[in-house]
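Please look over the sequence and the model below before reading on. The paragraphs after them go through the parts one at a time.

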Amino acid sequence: MRYRLERQKSGALAVYNTAYAETMHPGAGPWAEANALYVQGSALAALLLGGGAQEAGRRAAAHRGAPLVLFDVGLGAAANALAAVTCRDELARRGARPRPLHLVSFEAELEALAFALAEADALGYPRGQEPLLRDLLRDGRAERDGLRWEVRVGDFRRRIEEEPERAEVIFFDPFSPRANPELWSLETLEALHRCRPRAGGTRLVTYSTAFGTRAGLLLAGFFVGEGPLPQARRAGTCATTWFADLARPLTPAWLARWRHDREPWPPLTPPAAHRALRERLLEHPQWAQFPAETPAPPEPPPARRIGRTGPGRTGPRRAQSGRTEPRSAEPRSAEPRRAESGRTEPSRTGPSRTGPGRAERPPREASHPGPRRARPRAARRRV
Ligand SMILES: C[S@@+](CC[C@H](N)C(=O)[O-])C[C@H]1O[C@@H](n2cnc3c(N)ncnc32)[C@H](O)[C@@H]1O
């Protein structure tokens, strides 16, 4: 048996995989993280209702009645998938008439699912959903009113190439980039980007905030922003095909920090590709969404520079990949400028057509990151 239950500091029980030596949903536990990061972070309820304040919600109105296709990458012990099912069940129970949900889960093997079913009482969240999980284990699919759930078993990298469905929402939850690098490679992220619906967009949510992950998502063709839990240790990342869908887009200040990171590339990126990828990243249309005149943070007087901790710079934090990322609030002046139509889509092949490209004029912050805390020598390599 490759799985066991592990008590988290929060008191929640989570599932530990001995082969990867990693816990699924560490810290907060499976149900809390599945709901806060994935269900709320993707605005799933708004999309299911075909409305909402976000651009995604407004666009979903066009799909009213059509099933919402959700890709659940790394089904594991099914916490994320069951949180999505429960979200829809709740809406229906309140008489809100949500769209049908078509859940497509990807998983290398179903042992964790069987484990979650066997431990339903201890874990809590699978309770009441056992018939669905049994059908899924036996037939690879389960169906009931308003829900179609299918599991694609095998290596995600192959299954995604054969996948006929297009995803409006993606829960991206492999093991960490260090333990499970193939699923965080640029090649895999590009395959995910190709799965966006032909009309409308897609929204991906993941727990990783690593520079390599975010750079990979940008390079794959997404716009990228902070996840729904900016104050939490596992803040998460949100990636969309429409800039206007991001509540907290990464700003040029993030790009400046990326250039100094020790691990700026998605896993498995060959060194020979770094130069071209760096150019592509600097040209990404996301940076053109910010006013070029965004002032650089003021230089503090020399006496106050040493050991300064400004707002949001309260110290290093451990990122998911186990390395240290600086904690830093984005400058207030770097408010995003929405493309007029709000419909800017990033191109993976060239500079932005929607505004001043950063290729010709790198963001001021990129060469002038402003005051920063002293960082370990190895982390100061400039990309
Ligand atoms: C962190 S766990 C997922 C937890 C799950 N989302 C949940 O809510 O319980 C990551 C999962 O990704 C699966 N996985 C890792 N590499 C994979 C691959 N190449 N193809 C398909 N699944 C993979 C693992 O088997 C594991 O179950």
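What follows goes from the whole chain to a sheet, a helix, its neighbouring strands and the ligand.

The model is predicted: local features need pLDDT of at least 70, side-chain atom pairs count only at pLDDT 80 or more, and totals for chains, interfaces and linings use all residues. Residues are numbered from 1 along each chain as its sequence is written.

The chain holds 14 helices and 13 strands. Helices (H or I, at least four residues) and strands (E, at least two) are DSSP runs, numbered from the N terminus. Of the 383 residues of the chain, 45% count as buried. A residue is buried if 20 or more other C-beta atoms lie within 10 Å of its own, exposed if 12 or fewer, and partly exposed in between, with C-beta atoms placed from the backbone. Among the contacts with a separation of 6 or more, 72% are between residues 24 or more positions apart. Two residues are in contact if their C-beta atoms, placed from the backbone, lie within 7 Å.

Start with the open sheet of three strands, whose order is E1-E2-E3 with antiparallel pairing. Its edge strands are E1 and strand E3 (22-24), each of which pairs on one side only. Two strands pair if DSSP finds at least two bridges between them. On average, neighbouring strands of this sheet are turned by 40° against each other, direction ignored. These angles are taken between axes, which are lines fitted to C-alpha atoms (for helices over the stretch in contact), and run from 0 to 180 degrees between N-to-C directions. E1 and E2 pair over five bridges in the antiparallel sense, and Val15 in E2 is the bridge partner of Leu5.

The loop between strand E1 (3-7) and strand E2 (13-17) contains Lys9. Is Lys9 buried or exposed? Lys9 is exposed, because 9 other C-beta atoms lie within 10 Å. Lys9 and Ala28 are 19 residues apart in sequence, and their C-alpha atoms are 8.0 Å apart in space.

Now turn to helix H7 (residues 130-139), where Leu132, Leu133 and Leu136 are buried. Seen down the axis of H7, the buried residues fall within an arc of 95°, so they line one face of the helix. The arc is that of the directions from the helix axis to the C-beta atoms. An α-helix has 3.6 residues a turn, so residues three or four places apart point the same way. On the other side of H7, Glu130, Pro131, Arg138 and Asp139 are exposed. The cover over the buried residues of H7 includes helix H5 (111-118), strand E6 (141-144) and strand E7 (147-153). Just after H7, Gly140 takes a positive phi of about 75°.

E6 and E7 pair in the antiparallel sense over four bridges, and Arg148 in E7 is the bridge partner of Glu143. Their hairpin has two residues between the strands, and Gly146 takes a positive phi near 75° there. E7 also pairs with E5, in the parallel sense over seven bridges; Leu147 in E7 is the bridge partner of Leu101.

Of the 21 residues around the ligand, Gly74, Gly76, Ala79, Ala108 and Phe156 come nearest. Helix H1 (30-40), helix H4 (79-93) and strand E5 (101-107) are the elements that give two or more residues to this shell. A residue is near a molecule if its C-beta atom, placed from the backbone, lies within 6 Å of it. The shell divides into 13 nonpolar, four polar and four charged residues. Ala, Val, Leu, Ile, Met, Phe, Trp, Tyr, Cys and Pro count as nonpolar, Asp, Glu, Lys and Arg as charged, and the others, Gly among them, as polar.
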